[in-house]
Amino acid sequence: MTTASSRRFTRRLVPVLAVAGATLIALSACAGGGGAAAGNGKFTYLHVTEDPATPAIIKELAGNECTAENKALPYDDQKIAQAQLDQKVQLLAGQKGLPTMFSAGGAPTVTQSLDKSGSLVDVDAALTKLGVADDILPAAKSTIKALYGGNDIALPYQFNIEGFWYNKKIFTENGLTVPGTWDELVSDAKVLNDAGVQPFATGASGQGWPITRLISGYAFRELGPDAMANIRDGKAKLTDPAYVKAAQAIADLGSKGYLGKAPEAVDYNTIISDFLTGKAGIMYMGSWVLPNFADATANKIGSDNIGFFPFPTVPGGKGTVDQLPANVGVPTALSKAAYNDKVGAWTKCIAKNFGSAALKESGQISGFKVNTPVKTDALTSLVQDKIASTKTSVVWFETYFSSKASTTSWNNIAALVDGKTSADDFMKLVQADL
């Protein structure tokens with residue numbers, strides 16, 4: 001079984017997905033057809049070293065449920081540092097030597113370029129032909145399509161939803177109920193603040209994404225699930241009134257002290273600690289935090305005392321609470337040149353068995369159905385239920401940003417919530433770098 005720290009890999013990766021963007025080498029010269037695909041008679045999986053859990057699960061399947069597939073096409077494990085992934089994938093694509101299965105490029109644009117060049121398997125079409133398309137959860141499929149311009153070209157070995165976790169005891173002691181609207185959430189925050197309880201555990205030290213995701217959360221509820229895609233496609237700008245309104249809503253939380261006294265000095269680990277020690281009543285975070293909740297040493301408030309609610313609705317907004325922000329961690333692609341009947345058999349076996357194996361072996365929630373029941377704790381079951389009921393997912397603020405715009409967003413969010421820059425100026429800075 002993997003350690004809690006290794007299972008938290010997905011949390012560390014998520015902001016990186018948007019980082020490489022504009023700095024990557026163009027792939028226009030790459031082609032997927034023909035050539036000697038990497039693998040050499042093996043089911044080769046090139047994965048990032050920072051994620052030991054997923055390949056361990058595949059290896060476990062190779063010795064159990066997928067024994068026949070492994071005998072026909074032996075599993076071959078290959079590793080690469082995440083920082084080197086994009087360059088390596090592009091190099092292999094240019095040489096027409098992509099491995100059978102590989103961690104997709106950090107930036108969605110890399111994988112989209114590979115797809116346009118004909119290098120990738122259409123996962124939905126392949127799984128449909130294999131009769132296992134329904135083994136991918138609708139929410140995971142929706143997330144992958146959102147990442148890749150409507151194309152289903154990746155396998156969801158990890159799947160996380162995001163929302164607000166809250167301290168049930170603190171809510172009860174202060175007469176609060178789960179908020180359904182943004183106004184109710186702000187009202188609850190005022191009650192907590194007046195009672196001497198920090199309303200939100202959050203911070204922007206190192207990376208500002210824990211706060212910038214509040215902006216996109218508000219924008220999605222105001223404008224609907226296409227809010228950030230419209231920025232990507234040039235149909236809207238971050239400087240448009242509705243987007244500035246979203247930034248202002250989060251700036252207001254900061255100006256009222258609801259985000260803590262100095263969020264610019266609070267890093268990720270402190271955010272988690274502030275919530276799990278009872279210092280703060282609410283925390284916006286993804287389900288990748290479940291291992292932290294399961295750590296009895298770190299979790300001083302107890303798992304039974306933790307509840308979850310989705311980002312609330314905005315009055316008059318087009319978004320709904322069932323449209324949960326989500327990500328698939330490290331999306332995994334299949335090489336079209338390496339794909340054959342034996343790879344198809346492996347892919348089918350993985351689709352049918354990975355969901356259960358991931359939960360059993362490492363407590364990892366994936367975008368695959370759990371076809372063999374696995375006993376889980378209450379919070380993991382809660383997340384599974386939320387995922388199962390989600391048909392449409394949304395992404396995060398920097399999903400489609402260039403590297404420069406992402407950095408600008410993270411570096412300036414503290415100034416926004418500290419009142420050192422206006423919502424309008426913050427959005428102008430980020431928009432200028434898109």
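# Exercises on a predicted model

**Exercise 1.** Does the end-to-end distance of helix H17 agree or disagree with 1.5 Å a residue?

*Solution.* Helix H17 covers residues 378-389, which makes 12 residues. The expected span is 1.5 Å times one less than the number of residues.

Residues are numbered from 1 along each chain as its sequence is written, and side-chain values use heavy atoms, with hydrogens and water left out. Helices (H or I, at least four residues) and strands (E, at least two) are DSSP runs, numbered from the N terminus.

**Exercise 2.** Work out which residues of H17 are buried and how they are arranged about its axis.

*Solution.* Start with the cut-offs: buried means under 20% relative accessible area, exposed over 50%, partly exposed in between (1.4 Å probe, protein chains only).
- Step 1. Leu379, Thr380, Val383 and Ile387 are the buried residues of H17.
- Step 2. Down the axis of H17, these buried residues fall within an arc of 105°, so they line one face of the helix. The arc is that of the directions from the helix axis to the C-beta atoms.
- Step 3. Ala378 and Asp385, on the other side of H17, are exposed.
- Step 4. The buried residues of H17 pack against helix H8 (138-147), strand E4 (160-167), helix H15 (290-293), strand E7 (306-309) and H16. Contact means heavy atoms within 4.5 Å.
- Step 5. At the start of H17, a side-chain oxygen of Asp377 comes to within 3.1 Å of the backbone nitrogen of Leu379.

**Exercise 3.** Find the disulfide and say which parts of the chain it ties together.

*Solution.* The criterion is a pair of cysteine sulfur atoms within 2.5 Å.
- Step 1. The structure has one disulfide. Cys66 and Cys349 form it, with sulfur atoms 2.0 Å apart.
- Step 2. Cys66 sits in the loop between helix H3 (53-62) and helix H4 (67-72), and Cys349 in helix H16 (residues 341-362), so the pair ties together parts that are 283 residues apart in sequence.
- Step 3. The torsion about the S-S bond of Cys66 and Cys349 is about -100°, so the disulfide is left-handed.
- Step 4. Cys66 and Cys349 are both buried.

**Exercise 4.** Is Asp122 buried, partly exposed or exposed?

*Solution.* 
- Step 1. Asp122 lies in the loop between helix H6 (108-116) and helix H7 (123-130).
- Step 2. Its relative accessibility is 43%, so Asp122 counts as partly exposed.
- Step 3. A polar atom of the Asp122 side chain lies 3.0 Å from the backbone nitrogen of Ala125.
- Step 4. Asp122 and Ile153 are 31 residues apart along the chain, and their C-alpha atoms are separated by 5.2 Å.

Terms used:
Predicted model: local features only at pLDDT ≥ 70, side-chain atom pairs only at ≥ 80, totals over all residues. Polar contact = N/O pair within 3.5 Å; in protein donor to acceptor, adjacent residues only side chain to side chain.
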